[in-house]
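Please open the model in the viewer and keep the selection panel at hand.

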Amino acid sequence: MPEDLDDWITSNNTPTSIHYPPFNSEMSMSHTIEIALTVNKIHYERRVEPRMLLSDFLRHELGLTGTHVGCEHGVCGACTILFDGQPVRSCLMFAVQADGHEILSIEGLGTPDNLHPLQQSFIEAHGVQCGFCTSGIILTLIPFLEGNPHPDEQEIRHAISGNICRCTGYQHIVDAVMLAAEKISVTQNGRILSEAKDLPPNYGS
Amino acid sequence: MTKKYIGKRILRNEDPRLLTGQALFVDDINIPGMYHAAFLRSDYAHARLKSIDVSAARKRPGVIAVYTAEDMGDDWKPGPPLVSPPPTVKDVIFFSRTQVPLVKDKVRHAGEPIAVVIAESRYIAEDAVEDIVVDLEPLKAVADLEKALRADSVLVHDDLESNLAAHMVQVKGDYRRVRDEADLVIKRRIVIDRGAAAAMENRGIVANWDAKSQQLTVWDTTQAPIPIRNGLASRLGLSAHQVRVIAPFLGGGFGPKMMMFYPEEMLIPWIAVKLARPIKWIEDRRENFYATTQEREQIHEVEMALTRDGRILGMSDIFLHDTGAYDPYGLTIPLNTQNHTMGPYDVANYYSEIKVVFTNKIITTPIRGAGRPQGIYIAERLLDIAAKELGIDPIEIRKRNYIPPDAFPYEHGIIDQAFSPLILDSGNYQPVLEKAATLIGYDEFIREEQPRLRAAGRHVGISIVSFIETTGVGPYEGARITVEADGKISVATGVGTQGQGHFTSFAQVVAEQLGVDVRDVHLVTGDTAEFHWGTGTFASRGAVVAGNAIHASAVAVRGKILKLASEILKAPEDELELEGGQVRVADIPQMSISLGELASRANPLRGAVEPGTEPGLEATAYFGPKYGATAFGTHAMILEVDPETMMVEIKRYVVVEDCGTVINPLILEGQIHGGVAMGIGNAYYEKLVYDENAQLLNASLMDYIIPTATEVPRIVVGHQETPSPLNPLGTKGAGEAGTIPVPALFAQALENALPEYNLEILETPLSPNRLFELLKEKEISR
């Protein structure tokens, strides 16, 4: 921290005369802990401050910005990731707690050219509007559909009741999940379409 | 002409990126050397700033700078007003008091920023905020609208004589005369409380000043990047061409991201220039409750005069509107309320008096609905009461009062939010109502289901209400369309996008003219470097104003394509058709040329061109409507109340909407569903609770209840299309429609579900708690 900073602020010198500390200097990283974890099947080793939130670690240290932060108090569900296969809110955990664990974030699920069937269903049923809550909803639904491949509408609504979406009114999300359940069962179990769940009456044109 | 793309359920172009975490939001920006900002905000709603000591904060390792109002010197200025002041017509008073970047002398609402810390990380910046010692002398605060207008109230702005921010009267006909002649006059007091927009993405700004190129780039969660650019350039003493504002993907807007300038929106770019470093500020959820604008609080004293056969003779409304601590958004909200209090009804005599009030609460600016839900609540509540008193069926009394289809354009003789004459352009209301009644099974429910369920002890109620929505206001929007050498189409428009599907619906408008695949139309919105004329995405105007600007540009590009292709193919223009990215002679398909080839020919590297020609297949066009287009709709609902918990379960929900030409029914239905969900929150869950010290008591998503998938029902949507005569596409806006009538719908349904209590609901939002209290009051009085 340059000592002349106070003077500078009021005197409006040209900024180039200031000697900035190096970015993320050791000086400000008072105390760090070494962690090792797997994110989207890639192994990472990093030093982090004990207080760093897992959501901030994923977004800002690893650059995985598909995990969105909506409330930082564990209510909205936007930052949901899979932690050893279970949905957790990454804003309610510290990065150090992920030491030795395995994480899946939205970036690990599919790509624009090779979408997971659930992601594809969100397109087909218009389950996305602004897309901010979407990562958390998709990752909440992955283990849900694994445990309950043929959910009914109420079960789906219950499953995503911990995720707030302000845009869609949830209906097209529910439709997307029903569509995905049908696709996943068709592709994975070779089931025929007639056994699939009936789509809601006003789905499609 | 049958349309190939407009009106089709086309899947969205933007979804693959949004679904895989690849879409750019403001908080995803990371620039090497970027610093982070955190704000010290006032804990008090009203206090005098005695002193502030930031020396400890400045000494904390990792802190780069701390700014207070004093440190800003001459650059400290209150924000510019966001809308023009009201016209100087008779009986208008308006005191403009706009928000300040940092508190200088007095805090006027809890959460107002006092100082900003810039540090190497957000963590350090927040630590340093705790280091600041601020001496605030608390003053008595005023939260209540009526108390604020009393002579003994404390003043929010000491230089004014009272807390009256504005006063405006609009009159149509002669209400006093018809009141005396009326068979029935209903007089009620209606109270509407505050809610939050609560977009899932909080606000955020990243500003980067490149000293060498003298360019400022700002990524901002704004619905209006172009006005932000213009304002920043003006405030920072830069040319508009030195400032580029980008609104990338936004995690919802719903109105408050249209407010400008927020203090942070001015400060962060200012600091970026000062320090010549990229600066990021991302609002947290708690700040979002204290620092992002809110809406809806009003108190109305209303009257409706009717004949005994239920025809409205006139209405009178004197109301208080809470603007909070400042009034940057002028009269937009109360004017909207004033415009919607007559609803879709033929009301010949109207007296409406607005009193805008300063309080020590957070500023109010439009939130999805923007004053309209309040007006519609009044119109529908008073008609419900009249129907009951006169023994007329609620559907019948509405039919008797609708503006008839042959009365359009229907001129109200008062002005609207844009200070233009309030004219309802077109509509055909009764078939929409009838369709909604049919879809909900109104007659059958009243005749069979409800008596059967009531006999079984169940509290089920039905409701049906109508609304209008003034949409698509000016001034204008523009677009530039270019055919690229590979035959793909690029489109640039100035409006921002917050999830409405613009990348698809606008692409459909282009594809309709140019005969290309919708996926080959690449749209850029909200980047002032791409298109720098326009205002923004607000007032349900995207599909109307920007949509028609894009249509006009596409028509112009089509003209250029046909002219050039006609020369090359040696065929008259009217024998050419555009299909599959090709121009071909209608009856001789082998005579064709691709759009890409045409674009290359229109932009040759060598050779002579005719004097006066423009290169390329490109056109820029603008659209500005004479006045706004007005949509109409009817919602119907059946709900059941649990008499033990007062929780409600919505059994059936129907929306029938007439928003003119539908560009994409799938996207439109999504807009309606989301609007209804927000309306359900407004009606039964969401309320910002302030105490008498103007402290917000529920500033978290734990305590401010937003409906989840288990509270929002499946919604059945029906359409009717009465195209607007005001624009070539015939579109009317739809973004806010879903939200507008829901509180009125809830009130009617709850009264209907609990007939033994003879409830009369005159307030919104309700909640299970509040319903319990209302029923207890009734029990005591019985």
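**The interface between the chains**

Select both chains: their contact takes 61 residues from chain B and 58 residues from chain A, where two residues are in contact if their C-beta atoms, placed from the backbone, lie within 7 Å. The model is predicted, so to speak of local features requires pLDDT of at least 70 and side-chain atom pairs count only at pLDDT 80 or more, whereas totals for chains, interfaces and linings use all residues. Residues are numbered from 1 along each chain as its sequence is written, and chains are lettered from A and ligands numbered from 1 in the order in which they are written.

On the side of chain B that touches chain A, highlight α1 (15-19), β3 (63-68), α3 (122-131), α7 (263-275) and α17 (665-684) of chain B, the elements that give two or more residues. Helices (H or I, at least four residues) and strands (E, at least two) are DSSP runs, numbered from the N terminus. Which element provides the largest share of this side? That is α17(B), with eight residues. Colouring this side by class gives 31 nonpolar, 17 polar and 13 charged residues; Ala, Val, Leu, Ile, Met, Phe, Trp, Tyr, Cys and Pro count as nonpolar, Asp, Glu, Lys and Arg as charged, and the others, Gly among them, as polar.

Axes are lines fitted to C-alpha atoms, for helices over the stretch in contact, and angles run from 0 to 180 degrees between N-to-C directions. Show side chains for B:Ile228, B:Leu232, B:Arg235 and B:Leu236 in α6(B), which meet B:Glu265, B:Met266, B:Pro269, B:Trp270 and B:Val273 in α7(B). This contact has seven nonpolar, no polar and two charged residues.

Move to helix α10 (residues 372-390) and helix α18 (residues 742-753) of chain B, whose axes come within 8 Å and cross at roughly 25 degrees. α10(B) is therefore roughly parallel to α18(B).

Note on methods: Angles under 35 degrees count as roughly parallel, over 145 as roughly antiparallel, 65 to 115 as roughly perpendicular and the rest as oblique.
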